[in-house]
Amino acid sequence: MNPAPEHPELDQLSDDLSALLGRVGLDPAGERPGRRDRIDLRFTAVAARHPGRIAAQDAEGEATYLELELLADDLARRLSGRTGPGSAVAVRVRRSCTAAGAVLGVLRSGAAVLPLEPGHNPGLQEFLMRDAGAALVVSDTGLMRDEIPAAKVGRYVVGVRPAPAVARELPLESAFLALPEAGGPPGRAAAVRPVSHLDVLSWLDAALPMLDAGPDDVWSCFHSTGLDLGMREMWGPLLSGGRAVVVDRDTAGDPAAFVRLLADRRVTVLTQLPSAFARLTEAVRGCSLPELRHVLLSHEPVDAPVTAAWHAAGAAPQAVVRDVSGTPTVL
């Protein structure tokens, strides 16, 4: 499924994408492109430079930048006329090497993505979709009751949902709807929170130069894309020409298996909630992660004894540990 980099189809795709970028005023040849205000446009520029490079891999396979670009384009065409700016589309997909293509397809349609984890409580999913005003869903795990199939792209099905009782108009610049976090107002259901393209891209514009991250880096994708941290994990590699290693839920729940994955895939950039990092620190003793360059901690207080134990274990002597919840701090 992965075409060779020298295949003429890749040359044609690169030419086509370069022409598209030229029409919208972007330069695909830049080493570090200037600011662009949409995630999907930045991805198109990266795909034009690296069409045959592996963009993402999971336990079962891998996908090139070309394959994700074509999937996103096909899905966006199927969504055309059904959704657009100011609307949300639920994306209920497995953690896989092609999941980013499904997300990109929704973004390319102009809509915002409401990320849902397959297997989560159907009642919760219904609440979140109603709250977001999502009239469409993209799924590779089947449709729920009252969702009617309308189109199919590869293994992804576009389903039409019942019209929401109250239409929600999202900010036009919305890219994602982050899921409610714990600790909201008591007695009140928390609403999904719009996250703009610029929210994600501003973090990347600051982080990628700081990390000196580029096409040679391999990032683990451990968290749900419903979290800000999960968005950073996904777009850090895919908007810098790197490789995303998608961690399935079973491996994510087994620190020892996760350590083996980090070593086998030669991961160089690891992002973690500090609570998950504490469990990883216990599992990493006696192991070796010589390729790991950066550990990024966020969204929770960092426990100093845990970082001290990590350094004492000596498993990743090159890794710089940072708290990136606010101003990045080396720990």
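How much accessible surface does the chain have, and what share of that surface belongs to carbon and sulfur atoms? The accessible surface comes to about 14,700 Å², and 53% of this area belongs to carbon and sulfur atoms.

## The model and its confidence

The structure is a predicted model. The mean pLDDT of the chain is 86, and 85% of the residues reach 70 or more. Residues 1–5 have a pLDDT below 50, and this stretch has 11 contacts in the model beyond near neighbours in sequence. The pLDDT is also below 50 over residues 20–35, a stretch with 23 contacts beyond near neighbours in sequence.

## The chain as a whole

The chain has 331 residues, and 53% of them count as buried. Its secondary structure comes to 11 helices and 15 strands. Among contacts in the chain with a separation of 6 or more, 69% are between residues 24 or more positions apart.

The structure holds zero disulfides.

## Helix 2

Helix 2 spans residues 39–49 and is mostly covered, with nine of its 11 residues buried. The buried residues include the run from F43 through T44, A45, V46 and A47 to A48. I39, D40 and R42 are also buried in this helix.

One of these residues, D40, takes part in a salt bridge. Its partner is R38, and the closest N and O atoms of the pair are 3.0 Å apart. Both D40 and R38 are buried.

## Helix 10

Which residues of helix 10 are buried? They are P274, A276, F277, L280 and T281. These residues cover an arc of only 145° around the axis, so they lie on the same side of helix 10. The cover over them includes two helices, helix 9 (255–264) and helix 11 (304–313). Strand 12 (269–272) and strand 13 (294–297) are also part of that cover.

With a relative accessibility of 2%, T281 counts as buried because the cut-off for buried is under 20%. Leaving out residues up to four places away in sequence, T281 touches V306, A309 and W310.

## Salt bridges

Side chains of opposite charge can pair when their charged atoms come close. The count for this structure comes to 16 salt bridges. Some of these are joined up: E69, D73, D74, R77, R78 and R108 are linked in a network of salt bridges.

E147 forms a salt bridge with R92, and the closest N and O atoms are 2.8 Å apart. This pair links distant parts of the chain, as the two residues are 55 residues apart. E147 is in the loop between strand 5 (136–139) and strand 6 (148–153), while R92 is in strand 3 (residues 88–92). E147 has a relative accessibility of 7% and so counts as buried. R92 is also buried, with a relative accessible area of 3%.

R293 forms a salt bridge with D217, where the closest N and O atoms are 2.9 Å apart. R293 lies in the loop between helix 10 and strand 13, and D217 lies in the loop between helix 6 (197–211) and strand 10 (218–221), so the pair ties together parts that are 76 residues apart in sequence. How covered are the two partners? R293 is partly exposed, with a relative accessible area of 25%, whereas D217 is buried, at 5%.

## A loop residue: R94

R94 is found in the loop between strand 3 and helix 4 (99–108). Its relative accessibility is 35%, so R94 counts as partly exposed.

Which residues does R94 touch, not counting residues up to four places away in sequence? The contacts are with E60, A99, P118, D140, T141 and R155. R94 and L116 are 22 residues apart in sequence, and their C-alpha atoms are 9.4 Å apart in space.

Conventions:
Residues are numbered from 1 along each chain as its sequence is written. This is a predicted model: local features need pLDDT of at least 70, side-chain atom pairs count only at pLDDT 80 or more; totals for chains, interfaces and linings use all residues. Side-chain values use heavy atoms; hydrogens and water are left out. A disulfide is a pair of cysteine sulfur atoms within 2.5 Å. Buried means under 20% relative accessible area, exposed over 50%, partly exposed in between (1.4 Å probe, protein chains only). Helices (H or I, at least four residues) and strands (E, at least two) are DSSP runs, numbered from the N terminus. Contact means heavy atoms within 4.5 Å. pLDDT is the predictor's confidence in each residue, from 0 to 100. The arc is that of the directions from the helix axis to the C-beta atoms. Accessible areas come from the Shrake-Rupley method with a 1.4 Å probe; for residues, only the protein chains shown count as cover. A salt bridge is a side-chain nitrogen of Lys or Arg within 4 Å of a carboxyl oxygen of Asp or Glu.
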